[in-house]
Amino acid sequence: MPYRSTQPRTVSRPLSRPEGLRLLGNVTFGRLVFISRALPGIRLVSHVMDGEDVLVGLPEDCPVVPLLSQVAPVVYEADVLDTATRHGWSIVLTGRAGLVESDEEIARALRLLRPWPGEDIGVVVRIHPELVTGTRVGAGP
């Protein structure tokens, strides 16, 4: 006889674009994925939402900054996962990113962004998501 758990069954379901963007607004960090010298790079960064766009703060000397002096394709990923229950969500967005140049927009973003301890944000990047995919894992019916 197969083992039957008394715990609720865990299921995963896809998230819609609006759900994914809403969830991104509930966290303050994620991973920026980019290509540099034909190799993938990943950087843990802080972010805030601006409508559907993601604003990311980076130090001026960050290696990805020169790549974003022109609009470039990037991937951004954020998640919240409980290791004990294995419940949570993960969002991946693909889009175009470029440096924010408006002093007013930069000042507003700097007021909202929470940099990592010991890190000074000198550059703000705007990611305009073209594709938003995600999964929520939780107790099923």
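Hi everyone. Let me start with one term: a residue is called buried when its relative accessible area is under 20%, exposed when that area is over 50%, and partly exposed in between. Please keep in mind that this is a predicted model.

Is Glu130 buried or exposed? Its relative accessibility is 52%, so Glu130 counts as exposed. Setting aside neighbours within four places in sequence, Glu130 touches Arg17, Thr94, Gly95 and Arg96. Leu113 is 17 residues away from Glu130 in sequence, and their C-alpha atoms are 23 Å apart.

Now the overall picture. The protein chain contains 2 helices and 7 strands, and from the N terminus the order is β-α-β-β-β-β-β-α-β. Its C-alpha atoms fill a box of roughly 65 × 35 × 30 Å along the principal axes. There are 141 residues, of which 37% count as buried. Among contacts with a separation of 6 or more, 69% link residues 24 or more positions apart.

Next, strand 4. How many of its residues are buried? The strand is mostly covered, with 6 of its 6 residues buried. In a regular strand, side chains alternate between the two faces of the sheet. Here both faces are covered: Asp53, Leu55 and Gly57 lie on one side, with Val54, Val56 and Leu58 on the other.

Strand 4 also has partners. With strand 3, residues 39–50, it pairs in the antiparallel sense over 5 bridges, and His47 stands opposite Val56. These two strands make a hairpin with 2 residues between them, and Gly51 in the turn has a positive phi of about 65°. Strand 4 and strand 7 run antiparallel too, joined by 5 bridges, and there Leu58 stands opposite Val123.

So much for strands; what about the inside? The largest nonpolar core has 27 residues, and Tyr76 and Ile127 have the most contacts within it. Elements giving two or more residues to this core include helix 1 (17–24), strand 4 (53–58) and strand 7 (123–139). Apart from neighbours within four places in sequence, Ile127 has contacts that include Val54, Val56, Tyr76 and Leu93. A second, separate core has 7 residues, among them Val48, Leu55, Leu113 and Val124.

The chain exposes about 8800 Å², and carbon and sulfur atoms supply 56% of that. It carries 15 positive and 16 negative side chains, with the centres of the two sets 12 Å apart.

Note on methods
Residues numbered from 1 in each chain as written. Predicted model: local features only at pLDDT ≥ 70, side-chain atom pairs only at ≥ 80, totals over all residues. Heavy atoms only, no water. Core = buried A, V, L, I, M, F, W, Y, C linked by side-chain atoms within 4.5 Å. Buried < 20%, exposed > 50% of the residue type's maximum accessible area, 1.4 Å probe, protein only. Helix = DSSP H or I, 4+ residues; strand = E, 2+ residues; numbered from the N terminus. Contact = heavy atoms within 4.5 Å. Areas by Shrake-Rupley, 256 points an atom, 1.4 Å probe, with all protein chains shown as cover. Lys, Arg positive; Asp, Glu negative; His and termini not counted. Charge placed at Lys NZ, Arg CZ, Asp CG, Glu CD. Pairing = 2+ DSSP bridges.
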